[in-house]
Amino acid sequence: MNFSNFESLFRNKYISVYIMFPLFIAGLCFTMILLGCSDTSNKNKSDVPQDESVNSTKQKIKIGLSMASLRVERWHKDRDIFIREAEKLGAEVIVQSADEDAVKQNEQAENLITQGVDILVVIPENSVASSRIVKSAHAEGIKVIAYDRLIKESEPDLYISFDNEQVGYLQAEYLLRHQPKGNYFLLGGDPGDNNAHLLRKGQLRALKSAIEANDIKLVAEANQWAVGWDPNDALNKTEQVLTQTDNKIDAVVASNDGTAGGVIQALEGQNLAGEVLVSGQDADIEACQRIAKGTQTMTVYKPIDLIATEAAHAAVALAKGEKVSKATQTINNGKFDVPAIILTPIQVDKNNLDEIIIEGGFHTREKVYLPE
Ligand code: BGC
């Protein structure tokens, strides 16, 4: 290559760079402006609240599960099955347990609301105090499901439970059928729990005509409650009644299995276990063992997988703003007709323990029938 050629080539290139560079920059700016415009128009499109696009981009549904406590065995099942079902439906669950403290439960629920839950599922420690949870949640547009226990003095969006009056009826009806005469001790659950009152109502309905006929005598007043559903309180109160009546008790209508455990411990202290009929509720493993052994007469089984599964479906539906099609009835909470799903409880004694509890998969045979 000759030098003058190279020089002219360099000059030409230099000139072309000189001219072309500003043109290139101008072109680039123009393209960027165009892209910018089209980007803004896309953004505007996705901001339009069109259902499909919102659903596809929205984060998981967040469910707050506020539990009164985990003391009784069943609540562990409720929690685990509820979480499993909700997760199957693509939701996430944040669980809080209040250790039987109504004030703590209200604080925990406020915290769940602050964490941005889409829906609250509440097992209230106290049926009145928990009304604050409903009010706070509603103020933020969050719906509330009362799970197993009704919430009063407010307008919960759904109540899902078993027929608790029927549970009480089944407890007393069973004992009366097997012990039609004698002294009965009615031991209620926690007086702050609406269920305890429904149970008592059902128990009295079952015993009414036998009481009127003087076949049954209620000892130590009907007005006895195991505070906090505490087995120790049940033990103490049964001991007192045994002392007062000189051990003349024929049947104890205990409202759940935990308190039945306390009652049976008191009876064991007087060598009366197995002699005095005792009811229960929940089909806790220890109660099933006692039924197999003969120290507890019966329990009322409530299929926990059913309530927990239905509740998870209802929570997701309500969070999406859908209707709960299974809520075909309402229960009045003293202020409001709460849409409700009410499930059916089942009497269990030693005769159908295998069929309902073991074959039904609630507990295994090895756990129920312990070696002597
Ligand atoms: C529930 C029972 C339970 C009790 C104590 C009631 O409200 O319905 O199943 O045993 O509370 O936790």
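**Entry 1: Ala319**

I looked up Ala319 and found this residue partly exposed, with a relative accessible area of 26%; buried means under 20% relative accessible area, exposed over 50%, and partly exposed in between, with a 1.4 Å probe and protein chains only. I note that this is a predicted model, in which local features need pLDDT of at least 70, side-chain atom pairs count only at pLDDT 80 or more, and totals for chains, interfaces and linings use all residues. Residues are numbered from 1 along each chain as its sequence is written, and side-chain values use heavy atoms, with hydrogens and water left out.

Ala319 lies in helix α11; helices (H or I, at least four residues) and strands (E, at least two) are DSSP runs, numbered from the N terminus. I then looked for contacts, meaning heavy atoms within 4.5 Å. Not counting residues up to four places away in sequence, Ala319 touches Ile61, Asp118 and Ile119. I also recorded Lys62, which is 257 residues from Ala319 in sequence and 8.6 Å from Ala319 in space, C-alpha to C-alpha.

**Entry 2: Glu310**

I turned to Glu310, which lies in helix α11 (residues 304–319). Is Glu310 buried or exposed? I found Glu310 buried, at 16% relative accessible area. With neighbours within four places in sequence left aside, Glu310 is in contact with Ile160 and Lys326. The side chains of Glu310 and Lys326 are joined by a polar contact of 3.0 Å. A polar contact is a pair of N or O atoms within 3.5 Å; within protein, one must be able to donate a hydrogen and the other to accept it, and residues adjacent in sequence count only if both atoms are side-chain atoms. I also noted that 8.7 Å separates the C-alpha atoms of Glu310 and Phe82, which are 228 residues apart along the chain.

**Entry 3: salt bridges**

How many salt bridges does the structure hold? I read a total of 19 salt bridges, each being a side-chain nitrogen of Lys or Arg within 4 Å of a carboxyl oxygen of Asp or Glu. Side chains of opposite charge can pair when their charged atoms come close.

I looked up Asp80 and Arg79, whose salt bridge has its closest N and O atoms 2.9 Å apart. Asp80 is partly exposed at 41%, and Arg79 is partly exposed at 22% relative accessibility. Asp99 and Lys104 meet through their side chains in a salt bridge of 2.6 Å, N to O. Here Asp99 counts as exposed at 53%, whereas Lys104 is partly exposed at 28%.

I next examined Arg177, which forms a salt bridge with Glu173, with 2.8 Å between the closest N and O atoms. Because they are four residues apart in helix α6 (residues 164–178), Arg177 and Glu173 are separated by about one helical turn. Arg177 is partly exposed, with a relative accessible area of 47%. I also found one network, in which salt bridges that share partners join Arg71, Glu100 and Asp230.

**Entry 4: α6 and α7**

I looked up how α6 meets helix α7 (residues 194–212): their axes come within 6 Å and cross at roughly 40 degrees. Axes are lines fitted to C-alpha atoms, for helices over the stretch in contact, and angles run from 0 to 180 degrees between N-to-C directions. The contact includes Tyr169, Ala172 and Leu176 of α6, and Leu198, Leu199 and Ala206 of α7.

**Entry 5: α8**

I found that helix α8 (residues 231–244) has 14 residues and reaches 20 Å from its first C-alpha to its last, close to the 20 Å expected at 1.5 Å a residue; the expected span is 1.5 Å times one less than the number of residues. At the start of α8, a side-chain oxygen of Asp230 comes to within 2.9 Å of the backbone nitrogen of Asn232. Among the buried residues of α8 are Ala234, Leu235, Val241 and Leu242. I noted that the buried residues of α8 pack against β6 (182–187) and α9 (257–269). Just after α8, Asp246 takes a positive phi of about 55 degrees.

**Entry 6: α10**

Which residues of helix α10 (residues 285–293) are buried? I listed Ile285, Ala287, Cys288, Arg290 and Ile291. The elements that the buried residues of α10 pack against include α3 (73–88), α9 and β10 (299–301). Just after α10, I recorded a positive phi of about 100 degrees at Gly294.
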